[in-house]
Amino acid sequence: MTTELQAHWKYSEKEWNSFVTIEKANKKEDNIYFGIGIVILGTLGLMLFRSTSILVGLAFSVPFAILIPFLRMKISYGHLKKGIKNPEVKIYFDKLLINRHTIELQGKHKRVKSMKIIESKNKIQLLEFNVQWLTRKGPTNDEFRIPIPKGKINEANYLVSLL
């Protein structure tokens, strides 16, 4: 495994802010579905396994459905900030360095499951890293996306081919 710099991409502040707006909307939508799942499964689980009423089940599951996605957004996606001067992304085999924020891609407990180029709603091309790790209940994953600067699509295709 090499830790050499694979790519170094720089963006204008306008490009970065546009990307952050779209990416935060995507993550917010994912977190809403995640929260709804917590409410449904939490309430049903408490009703079935603890014989609680629906109101008690909701009283316990709703705070978790709000708190967990909120913390997930603050902790895991701290790199999604607007107003960054000279935004940049450095891509290594084992990590992403996004405006001095490190995201582990490969390591003792994580691996890149897939990597692909996708197009966002406003026609920005994104490089998506699907990172997987094991939990007690089986594998789980998260996606990290970064914008591909104009003129760097060949470099992005090369990075995808490395995986």
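The legends below describe close-up views of a predicted model.

Residues are numbered from 1 along each chain as its sequence is written, and side-chain values use heavy atoms, with hydrogens and water left out. Because the model is predicted, local features need pLDDT of at least 70 and side-chain atom pairs count only at pLDDT 80 or more, whereas totals for chains, interfaces and linings use all residues.

**View 1. The largest pocket and its lining.** The largest pocket has a volume of about 290 Å³. A pocket is an open set of points on a 1 Å grid over the protein atoms alone, with protein on both sides within 12 Å along at least five of seven lines; lining residues have an atom within 4 Å of a point. Grid points are joined across faces, edges and corners, and a volume is the space filled by probe spheres set on the points. The lining consists of R72, S76, K110, W133, T135, R136, K137, T140, N141, D142 and F144. At least two residues each come from α2 (54–76), β6 (125–135) and β7 (138–147), and β7 gives the largest share, four residues. Helices (H or I, at least four residues) and strands (E, at least two) are DSSP runs, numbered from the N terminus.

View 2. Of the 13 residues that line the second largest pocket, E15, I124, Q125, I148 and K150 are the closest to its centre. Helix α1 (residues 13–49) contributes the largest share of this lining, three residues. The lining comprises six nonpolar, three polar and four charged residues.

**View 3. The largest cavity, of about 140 Å³.** A cavity is a set of grid points where a 1.4 Å probe fits but cannot get out, and the structure holds one cavity of 30 Å³ or more. Q6, I91, Y92, F93, L105, Q106, V112, M115, F129, L159, L162 and L163 line the largest cavity. Two or more of the lining residues are supplied by each of β2 (88–92), β5 (110–119) and α3 (153–162). Ten of the lining residues are nonpolar and two polar, with no charged residues.

**View 4. A network of salt bridges joining E23, K116, E128 and R145.** A salt bridge is a side-chain nitrogen of Lys or Arg within 4 Å of a carboxyl oxygen of Asp or Glu; the whole structure has six. E23 and R145 meet at 2.6 Å, N to O. This pair links distant parts of the chain, helix α1 and strand β7, 122 residues apart. The salt bridge between R145 and E128 has an N to O distance of 3.0 Å. R145 lies in strand β7 and E128 in strand β6, so this pair ties together parts that are 17 residues apart in sequence. The side chains of E128 and K116 meet at 3.8 Å, N to O. K116 is partly exposed, at 42% relative accessible area, a class that runs between the buried limit and the exposed one (over 50%).

Note on methods
Nonpolar A, V, L, I, M, F, W, Y, C, P; charged D, E, K, R; others polar. Buried < 20%, exposed > 50% of the residue type's maximum accessible area, 1.4 Å probe, protein only.
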